[in-house]
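These are my notebook entries on what I looked up in one model. I kept them in the order in which I went through it.

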Amino acid sequence: MGSAATEGNDTLLGNGVVGILAETCNMWERRAPLTPSHCARLLLGGGKNRAQVNRIIVQPSTKRIHHDAQYEDVGCEISEDLSECGLIIGIKQPKLQMILPDRAYAFFSHTHKAQKENMPLLDKILEERVSLFDYELIVGDDGKRSLAFGKFAGRAGLIDFLHGLGQRYLSLGYSTPFLSLGQSHMYPSLAAAKAAVIAVAEEIATFGLPSGICPIVFVFTGVGNVSQGVQEIFKLLPHTFVDAEKLPEISQARNLSKQSQSTKRVFQLYGCVVTSRDMVSHKDPTRQFDKADYYAHPEHYAPVFHERIAPYASVIVNCMYWEKRFPPLLSMDQLQQLMETGCPLVGVCDITCDIGGSIEFVNKSTSIERPFFRYDPSNNSYHDDMEGAGVICLAVDILPTEFSKEASQHFGNILSKLVPSLASVKQPAELPSYLRRACIAHAGRLTPLYEYIPRMRNTTIDLAPTKTNPLPDKKYSTLVSLSGHLFDKFLINEALDIIETAGGSFHLVRCEVGQSMDDMSYSELEVGADDTATLDKIIDSLTSLANEHGGDHNARKQTELALKIGKVNECETDDTVDKGGPKVLILGAGRVCRPAAEFLASYPAICTYGVDDHNADQIHVIVASLYQKDAEETVDGIENTTATQLDVSDIGSLSDLVSQVEVVISLLPTSFHAAIARVCIELKKHMVTASYVDESMSNLSQAAKGAGVTILCEMGLDPGIDHLMSMKMIDEAHARKGKIKAFTSYCGGLPSPAAANNPLAYKFSWNPAGALRAGKNPAVYKFLGETIHVDGHNLFESAKRLRLPELPAFALEHLPNRNSLIYGELYGISKEASTIYRATLRYEGFSEIMATLSKIGFFDAANHPLLQDTNRPTYKGFLDELLNNISTANTDLDIEASGGYDDEMIARLSKLGCCRDKEIAAKTVKTIKFLGLHDETQIPKGCSSAFDVICQRMEQRMAYGHNEQDMVLLHHEVEVEYPDGQPTEKHQATLLEFGKVENGRSTTAMALTVGIPAAIGALLLLQNKVQTKGVIRPLQPEIYIPALEILESSGIKLIERVEI
């Protein structure tokens, strides 16, 4: 086969011999790039075509829609051997071993966006010196693709779905005309399939549909070719299209029908076409939706499809391309909530077949022979049948081939006009411009338009941390985000040329490519330069490019390129920050860091408390994180800040950075603090943390004193603000000769009442493992002179009800928090106070459910035998195993329950002694169902213990939703006894803080009440207001008096009252 290629490769290109590949990628692929009639016109039409196409050789195929004999009849040759062909064409990419050297190939290659999975194909193309033409890149004067199958996917997809819809309605007890409709491939032609749809339409128009399933509303996402093909079929049925805002009105008809149990029939369907405008809204309520802004900055928008559209849809037909940077269309949790509230959704027709994409539960593709699966959101289970709860889903990824005859005809009508040129030229330069632009490679080299591909391949970096600057040869860098028609309009090429021509360099950090000409692509580049002038020149040139292609709303010109520039950073030098004024280094990039950075960078404007600040220099804040991008996101929009990448385990780099600042705030995990403190002591820099003083930190106190350094710990919320409040109340009482009889402190981070919408009334903004482990800690406290010990296994059972008169709406409970006695020593009240009690707050009912889950065995961290096998158990099977382990110790149990699953589980938990009454058992069963611990889906491999299982479920199901607020409640009560017959006083102090959403950015109450106190600690150290050296807590008046005043002036209010 290779002899002809080597004998004279100059004679192959442009030799007028065309080869047609046999498609091998999928058993259902029956399309052909040219039909026999197209071949006939090329071979027998005479004139110019005859001179340009001399022969057509077709590889034999027994499944192609047109038989080999049909090609033979019009003069084609049938042969496996295509070695004589100068041009070889197909639909899908061929197997690598089928690619012959020194030929021209045309097919959908999916390589021009540097798609990683197809780079071996491109390498083979270059190795064999192939000229590669990609159909996807052939565009007309209007900028739209000339060769595409989108409409056929839409047509076939909707017909297939209507076929399944009839079966689904039948399983729900309703006979509909859809039941008589077959799948698309069952009809000999598109016309025959449409005739079948029209027959269904006539039956609907004549006899109607059952009112119990009406109104039937089809929602179509997107307006591209796929959506047009879908609507073409839908419009054959009796229908009315409505705008999205009219959907609630239509839904009212469904409610009336249910109430009246009407036997009337309904004679039409409803359709609603929605675009991104209907799916998201700007996080800033004062801003309107703007498509260009949305594509450039999707993080500014929140999903609303599940609120505005999905509650009224019977069928969602997904026709739009989606990228991970955009909000999802419908999450699993949203779907579960919709179904629980009676949403009429019957099925999803995902023609995009976007696995793990905009519709979260679509986690697999289906096939033409088995086009549907059923998903039950109540237990997160997947089924292959049509019967049972949930929604059906079609997700076939090769739909156009169901109409192979018409799809091939449509495709060939256009391709056949291009083949003569492709088959007759030796050099791409001889081709028309629209074909030249579609040529990715020629003679073993990429063509100029596509020279960016290796640049992108070779500079792609993982988002994993590196100890070195990704642009080591450049001093300054910035993150550049490009979105738009980067590849189909070749704007990425222009952008990279701008960077390199100016003397800059780049690394590709992230790339998400649009799948059609109508879709945007997104690339994130780390751009570097030797000096700020060069970097500014690059940024200006990129901005000009973006402005040139930025669109014009009035002229209805589409945005082709949008640009976002990050902060400029000086990279890996000894003078990372050359700003004047005092400097504070914040280590970390979690939620807590931003409030701390905002406070310090804007001081003194942020508050009115004057601590000798009339001559204060502006504070400059450096935020250092393991990931540069996280640090940049933390300081985004905050003036007087710098973001930098730092691995704190690299002591050399850490020391370099610490040496440039006056104070270090460590908001990293506790295990890092001691190493950072040692560097601070060595360099004589003060340090602040929000963490408890552990032994490793305590051991550094003498060294810190010797160096004249203050290491201020426990400067957060709890510990932190609780210290400030406590010491103020206690010292004031002592100043009046009072004696502390009782000290009680309650603190909890909770969901706001509106967000406390699950059975446990609790949520996590981080991995729940730490909070759950805290639920097993033993506790000790003093109550009326008696020392009370609580075993960690019984902590939840020790919870007690709490009502605060000043907050009557809150139904709370409290659990003892570790060792309260040490606070008697710290606060100097251990000898005088008969009660010393510190507690954690939860909403009432939390602990009794958690205690039951603990007794079931879910908090056992030991590896469970059932989770060690490769054959994974289901959540339900694992729950049964845990309950069976309990029952082995109660062999005489006789559990009987009438009713369904809930009644059986309630009886079982009660009989097993897991809870004290049926009310608690019922709440626990509700929690088990909410967490999906009874689902029939397999437990993921990452879970090896019962503790892992419940952490995984809680992290999935108990996370804060978009714009949901958390809440922090801190309440102190100090009972003071005075001499000389003065009345006993009860001093109370309360802090209640809610999370905030400002300018579309949410900040949790926990982040505010931890980050701001830490920042205040750094401020006091900068101003030399803290004279105590060593490792200390904020217990001295020199700290708590100014700290409380600054805290209140920054907006965190404390309410104090005294009862006599």
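The side chains of R957 and D935 meet in a salt bridge at 3.6 Å, N to O, where a salt bridge is a side-chain nitrogen of Lys or Arg within 4 Å of a carboxyl oxygen of Asp or Glu. I placed R957 in helix α33 (residues 946-957) and D935 in the loop between α32 and α33, so that the pair, 22 residues apart, links distant parts of the chain; helices here are DSSP runs of H or I with at least four residues, strands are runs of E with at least two, and both are numbered from the N terminus.

Before going on I wrote down the conditions: this is a predicted model, in which local features need pLDDT of at least 70 and side-chain atom pairs count only at pLDDT 80 or more, while totals for chains, interfaces and linings use all residues. Residues are numbered from 1 along each chain as its sequence is written, and side-chain values use heavy atoms, with hydrogens and water left out.

**Other salt bridges**

How many salt bridges does the rule give? I have the count as 37. I looked up E77 and R55, whose side chains meet in a salt bridge at 2.8 Å, N to O. This pair also links distant parts of the chain, with E77 in strand β3 (residues 77-78) and R55 in strand β2 (residues 55-58), 22 residues apart. I recorded E77 as partly exposed at 31% relative accessibility, and R55 as partly exposed with a relative accessible area of 26%.

Next I turned to E919 and K923, whose side chains form a salt bridge at 3.7 Å, N to O. Because they are four residues apart in helix α32 (residues 918-931), E919 and K923 are separated by about one helical turn. E919 counts as exposed at 53% relative accessibility, whereas K923 counts as partly exposed at 32%. Salt bridges that share partners join E848, R916, D917, E919 and K923 into one network.

**Helix packing**

I followed α32 to its contact with helix α31 (residues 901-911): the axes come within 9 Å and cross at roughly 125°, the axes being lines fitted to C-alpha atoms over the stretch in contact, with angles running from 0 to 180 degrees between N-to-C directions. That makes α31 oblique to α32, given that angles under 35 degrees count as roughly parallel, over 145 as roughly antiparallel, 65 to 115 as roughly perpendicular and the rest as oblique. From α31, Y901, D902, M905, I906, L909 and S910 meet K918, A921, A922, T924, V925, I928 and K929 in α32, contact meaning heavy atoms within 4.5 Å.

At what angle do α7 and α9 pack? I found about 40° for helix α7 (residues 150-171) and helix α9 (residues 225-234), with their axes 6 Å apart, and α7 and α9 are therefore oblique to each other. On the α7 side the contact includes G150, K151 and L158, and on the α9 side V226, I233 and F234 are among the residues involved.

**Covered helix and backbone geometry**

I then checked helix α29 (residues 846-856), which is mostly covered, with nine of its 11 residues buried. Among the buried residues of α29 is E848. G857 follows α29 and has a positive phi, near 120°.

For peptide bonds, I noted that a cis bond joins C214 and P215, with omega about 0°, and that another joins D718 and P719, with omega about 15°. P215 lies in the loop between β7 (209-210) and β8 (217-221), and P719 in the loop between β31 (710-712) and α26 (721-735).

Lastly I looked up positive phi outside glycine: K684 has a phi near 60° and is exposed, with a relative accessible area of 56%. D980 has a positive phi of about 60°, and D980 is exposed as well, with a relative accessible area of 77%.

Definitions and conventions:
Buried means under 20% relative accessible area, exposed over 50%, partly exposed in between (1.4 Å probe, protein chains only).
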